[in-house]
Amino acid sequence: MIVPVIMSGGSGTRLWPMSREFYPKQFHHLLGNETMLQQTVRRLQGLCQAEQLIVIGNREHRFMITDQLAEIGWQNANVLLEPVGRNTAPAVAMAALAALEKSADATLLVLAADHVIRDADAFRRTVEEVLPFADDSKLITFGIPASRPDTGFGYIHCAEKLSSNAFKVDAFVEKPDSETAIDYVAAGDYFWNSGMFLFKAKVYLTELEKFQPEIYQCCKEAWVNREKHFHDFQAFDEEAFARCPAMSIDYAVMEHTANAVMAKLDAGWNDVGSWSALHQELGLDEKGNASKGDVLMQDTSGCLLYAHDRLLVTSGLKDIVIVETSDAVLVADREQSHEIGVMAKQLQQQGRAEASLHRCAFRPWGSYTVLEKSPGYQVKRLSLKPGAVLSLQRHQHRAEHWVVVKGQASIVHGDDSLLLNENESTYIPAGMIHQLANQTDEVLEVIEVQTGSYLEEDDIERLDDPYQRQGVSG
């Protein structure tokens with residue numbers, strides 16, 4: 001039984017300002033009408049059923065994961081939650097433990113949520129061709145034919161050919177410098193390391209216990225003491241998982257095992273790890289430009305232009321990336337765009353909200369968009385899905401004024417219950433218990449005007465929450 005494991009915990013900082021900590025690239029519609037997570041799931045059709053799929057993410061993304069899976073009919077998937085990031089080796093160990101509870105012979109297909117694979121049929125064929133090696137207790141990594149001397153990837157050096165598409169692994173190689181990368185491509189037996197794997201769950205855990213016993217023991221403890229939530233979330237025990245060393249599968253197991261096999265995957269793979277990589281995937285005009293949104297160009301070539309909220313106009317530019325969002329604009333040389341992640345981390349260190357949050361924030365009940373914020377007041381647009389309910393709550397430092405602009409709002413207002421239609425409003429003073437709900441089958445939109453001395457999200461005291469959230473994240 002193939003059990004796909006989709007790793008969806010990354011923050012995609014190299015695609016800032018679009019990709020941010022609380023809304024990373026795997027949940028965006030970068031290419032086509034579906035998000036990268038949804039496209040990753042789609043290419044599994046024919047390999048597994050929804051109830052076999054495991055998605056590993058973090059607590060902040062859990063409702064985005066389930067919503068996006070439900071949109072494409074995979075709502076029966078298993079969602080595992082990391083309390084903290086510990087890289088791929090511990091995360092996959094947790095998936096292996098989960099899979100073994102359902103089948104002692106489970107085979108894990110480990111994938112990233114944010115990769116592009118243009119030829120899904122070739123991907124599925126490759127998986128099926130090398131499945132016998134996994135049945136023979138081999139640990140398979142997928143190598144991508146190196147089409148150019150790229151210094152942004154790790155490489156796999158192949159040895160003996162085992163079949164038309166499989167090779168014994170000689171070595172895993174760190175990201176090289178330019179000259180070394182040129183030599184690798186010329187040699188012909190070096191492949192890009194895709195970070196995708198195929199192996200028996202029990203074989204992986206056996207090798208992990210052999211080479212990294214501390215990781216293995218921490219993961220076992222974190223699984224045994226996991227929390228089970230509604231919506232089928234399973235959250236790893238935080239104390240045990242936090243003690244687990246952070247390590248990739250390559251470092252933890254693949255570089256040590258004698259059973260590593262590389263499958264050559266020639267299926268149009270791209271990790272979309274930078275704006276330059278995204279430029280390669282988008283449709284180009286006759287001057288090599290890729291654009292999305294409201295863009296007007298003059299004497300512009302080789303550029304990636306991404307307009308989210310406003311008209312973007314360029315003139316006399318070459319090989320430049322410009323990404324416009326509601327609260328930040330990126331301008332970078334296209335070939336240096338892989339360095340953006342460093343700047344995103346600097347913003348995090350400075351405590352800048354733009355590193356983590358968009359003005360539009362997604363919540364299990366829908367979303368809110370910050371329209372205006374100044375000292376003493378803030379204006380938001382709340383969008384509630386049909387049937388959605390916010391937590392029963394109160395604020396110590398702010399008052400709120402709600403105006404219904406679309407739909408019908410059901411409101412707990414202190415000891416009263418209100419039903420407001422379009423163009424009707426209510427005032428909620430600081431300290432009053434209140435709750436907003438949408439009991440209709442249409443989207444509800446409310447303009448919320450906050451006033452007070454302190455307007456941050458941690459001024460929320462939840463008295464009852466239908467989503468069983470911890471903390472204060474809206």
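In which handedness of crossing does α3 pass α7? The crossing of α3 past α7 is right-handed, meaning that the near helix is turned clockwise from the far one by less than a right angle. Before going further, please keep in mind that this is a predicted model, where local features need pLDDT of at least 70, side-chain atom pairs count only at pLDDT 80 or more, and totals for chains, interfaces and linings use all residues. Residues are numbered from 1 along each chain as its sequence is written, and side-chain values use heavy atoms, with hydrogens and water left out.

Let us stay with the two helices. Helix α3 (residues 88-100) packs against helix α7 (residues 213-224) at an angle of about 50 degrees, their axes lying 9 Å apart. That angle makes α3 oblique to α7; angles under 35 degrees count as roughly parallel, over 145 as roughly antiparallel, 65 to 115 as roughly perpendicular and the rest as oblique. Helices (H or I, at least four residues) and strands (E, at least two) are DSSP runs, numbered from the N terminus.

Now to the charged pairs. The structure holds 24 salt bridges, each a side-chain nitrogen of Lys or Arg within 4 Å of a carboxyl oxygen of Asp or Glu. One of them joins Glu-101 to Arg-226, with the closest N and O atoms 3.4 Å apart. This pair links distant parts of the chain, 125 residues apart: Glu-101 sits in the loop between α3 and β4, and Arg-226 in the loop between α7 and β10. Glu-101 counts as exposed because its relative accessibility is 54%, whereas Arg-226 is buried at 16%; buried means under 20% relative accessible area, exposed over 50%, and partly exposed in between (1.4 Å probe, protein chains only).

Another salt bridge, with its closest N and O atoms 3.5 Å apart, is formed by Lys-25 and Asp-114. Lys-25 and Asp-114 are both buried. Elsewhere, Asp-105, Asp-135, Lys-200 and Lys-202 are linked in a network of salt bridges.

The backbone has some points to look at too. Most residues other than glycine have a negative phi, and most peptide bonds are trans. Trp-16 and Pro-17, however, are joined by a cis peptide bond, with omega about 10 degrees. Val-272 has a positive phi, near 45 degrees, and lies in the loop between β13 (269-270) and α10 (275-281). Val-272 counts as buried because its relative accessibility is 0%. Asn-423 also has a positive phi, near 75 degrees, but counts as exposed, at 72% relative accessibility.

Key: Axes are lines fitted to C-alpha atoms, for helices over the stretch in contact, and angles run from 0 to 180 degrees between N-to-C directions.
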